[in-house]
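Please have the sequence and the model open while reading.

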Amino acid sequence: MKKLLLLLAIATTLFPDLPETASSSFADDDKAPDLIIINAKVHTVDPKNEEADAVAIRDGRFIAVGSNRKIRGLANRKTRLIDAEGRLILPGFNDSHAHLEGIGNLFGSADLRSARSEDAFRREIERITEFLPEGVWIQGGRWDPSLLESALKPSKEWIDAVSPKHPALLYSSDPSIALVNSEALRLARISKGTNGPAGGEIVKDENGEPTGVLKGNSLQLVRNFLRVTSFQERSIQIETATNYAAAYGVTSLQDVSTDDNMDVITVLDREGKLKARIYECGGLKDWAKYAEQGLKAATGTPMVRTGCLKTFTDGNADTIPDLYERIKGADKAGLQVTIHAIGSRSNRYVLGLYERVIMENGYRDRRFRVEHAQSLSSAEIPLFAKFGIIPSMQPYLFRGSGPYRSLLRTGARIAFGSDASITNIDPLLGISVATERKPGPNSEKLTVEEAVRFYTLGAAYAEFQENEKGSITVGKLADLVILSDDIFEIGPSEIRNVKVLTTIVGGRVVYKAPVRQ
Ligand SMILES: [Zn+2]
């Protein structure tokens with residue numbers, strides 16, 4: 001059966017000259033999908049249409065969700081086809097709590113301090129180049145020559161195979177000695193005939209070829225290429241972050257850092273470099289500036305939005321004396337406010353301020369949020385639902401210890417996220433711990449369906465996007481993941497080993513897992 005479907009797939013995608021009679025039975029070009037995915041187990045997170053076999057996508061949105069037969073019938077000869085081979089499809093994950101610059105920094109610098117072998121060098125460079133945009137310099141290093149076995153001498157060949165498109169400058173523990181790769185030598189025009197400047201050495205092998213090791217002043221030949229502006233640096237960090245997100249099936253990121261990176265994100269979007277949609281939060285202290293610009297909650301395009309303002313509280317009213325005024329001003333301007341709170345005291349303080357503002361500014365769909373909402377006491381739990389406040393929770397960061405069931409019982413709308421770069425971004429880790437039974441009498445474990453919903457539709461609701469994404473529904477943005485295994489059929493502890501095979505954002509494949517030999 002699989003083979004037959006595969007043959008059909010090849011037939012529709014590779015034989016454009018099908019006989020007239022065949023093509024005339026297809027839908028006309030104006031309405032035919034750009035992409036169909038068939039032979040899948042589609043878990044839609046849409047209560048009206050929970051399961052399906054196939055989806056059709058056109059202009060970045062789902063245009064049909066249903067049986068293989070129905071979806072095949074919509075395709076014409078221009079339609080691209082993906083055979084999911086029976087695998088599980090979920091809506092793309094939405095991480096309601098991530099720090100994009102921090103994620104970028106994870107891959108900004110190589111750490112070779114404990115490297116003892118060629119293999120260790122290669123693995124660390126591979127870790128970085130997996131997500132660092134092409135052409136960007138790999139820096140860092142600090143390799144210790146005394147840790148390498150006496151016969152081992154670092155050379156460009158150690159890292160060339162894993163960095164053909166990234167120049168590298170890797171310092172040793174002595175900063176006057178560094179290893180560079182062939183791409184760096186090429187950019188710096190260092191070759192057989194190049195002599196090092198006075199006070200520097202270009203180390204060469206017995207044939208006179210540069211080995212990649214540079215000493216003293218010769219490092220300057222390469223250093224000249226490293227300068228980047230702060231704009232470029234932030235741009236690299238955020239592009240790296242969306243590359244990383246795509247590999248874990250995260251198609252939407254809510255950047256809850258308080259720096260405003262809209263300048264960079266807007267340019268990356270225009271250049272087509274974003275692999276995930278971004279909701280960019282700024283600092284609550286800057287609320288008046290946002291209000292003056294007329295920005296409101298979730299202002300922007302499906303790809304890039306702003307209008308959320310974030311701050312922290314330790315529950316002490318003296319720490320930010322005008323916190324109440326800031327929330328009230330931002331809320332009055334139509335902006336979304338989110339506050340980090342861990343501990344019962346901090347949560348009670350934030351919920352109290354929110355309640356006052358709601359009473360003062362009057363009812364509207366404002367979706368105040370509490371980031372973490374961790375260590376709640378029974379007094380705070382019902383207040384989330386009562387005031388429409390969103391607990392934005394990170395199951396993996398807190399080892400699944402949130403009072404999820406108690407919140408759900410009161411009617412709260414939970415959003416899930418990771419807090420990457422502090423943690424791994426992988427939503428399947430979060431789903432795994434949130435669905436595991438914890439020791440103790442009041443285990444608050446979720447079903448896999450619930451955990452998936454909070455990581456998709458719940459997180460979309462937290463950014464006012466539940467009508468645009470979060471479920472596989474006709475009319476919504478075509479963001480989805482194909483997983484290696486069916487997480488509804490295995491135990492929670494196995495869910496953490498499941499891999500994302502394909503990530504699609506707006507009908508575009510942004511990640512495909514490498515085929516393992
Ligand atoms: Zn955080």
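**Loop residues and an open sheet**

Ser421 sits in the loop between strand E22 (415-416) and helix H16 (427-434). Helices (H or I, at least four residues) and strands (E, at least two) are DSSP runs, numbered from the N terminus. The model is predicted: local features need pLDDT of at least 70, side-chain atom pairs count only at pLDDT 80 or more, and totals for chains, interfaces and linings use all residues. Residue numbers start from 1 along each chain, following its sequence as written.

**Backbone geometry in loops**

- The peptide bond that joins Ala420 and Ser421 is cis, with omega about 15°.
- Ser375 is not a glycine, yet its phi is positive, at about 60°.
- The loop that holds Ser375 runs between strand E20 (369-374) and helix H14 (381-386).
- Phe464 belongs to the loop between helix H17 (448-462) and E23.
- Phe464 is buried, because 20 other C-beta atoms lie within 10 Å.

**The sheet**

- Six strands form an open sheet in the order E3-E2-E7-E23-E24-E25, and the pairing is mixed.
- Strand E3 (51-52) and strand E25 (508-512) are the edge strands, each pairing on one side only.
- Two strands pair if DSSP finds at least two bridges between them.
- Strand E7 (residues 88-91) runs antiparallel to strand E23 (residues 480-483), with three bridges between them.
- Ile89 has Ile482 in E23 as its bridge partner.

Notes
Buried ≥ 20, exposed ≤ 12 C-beta atoms within 10 Å, placed from the backbone.
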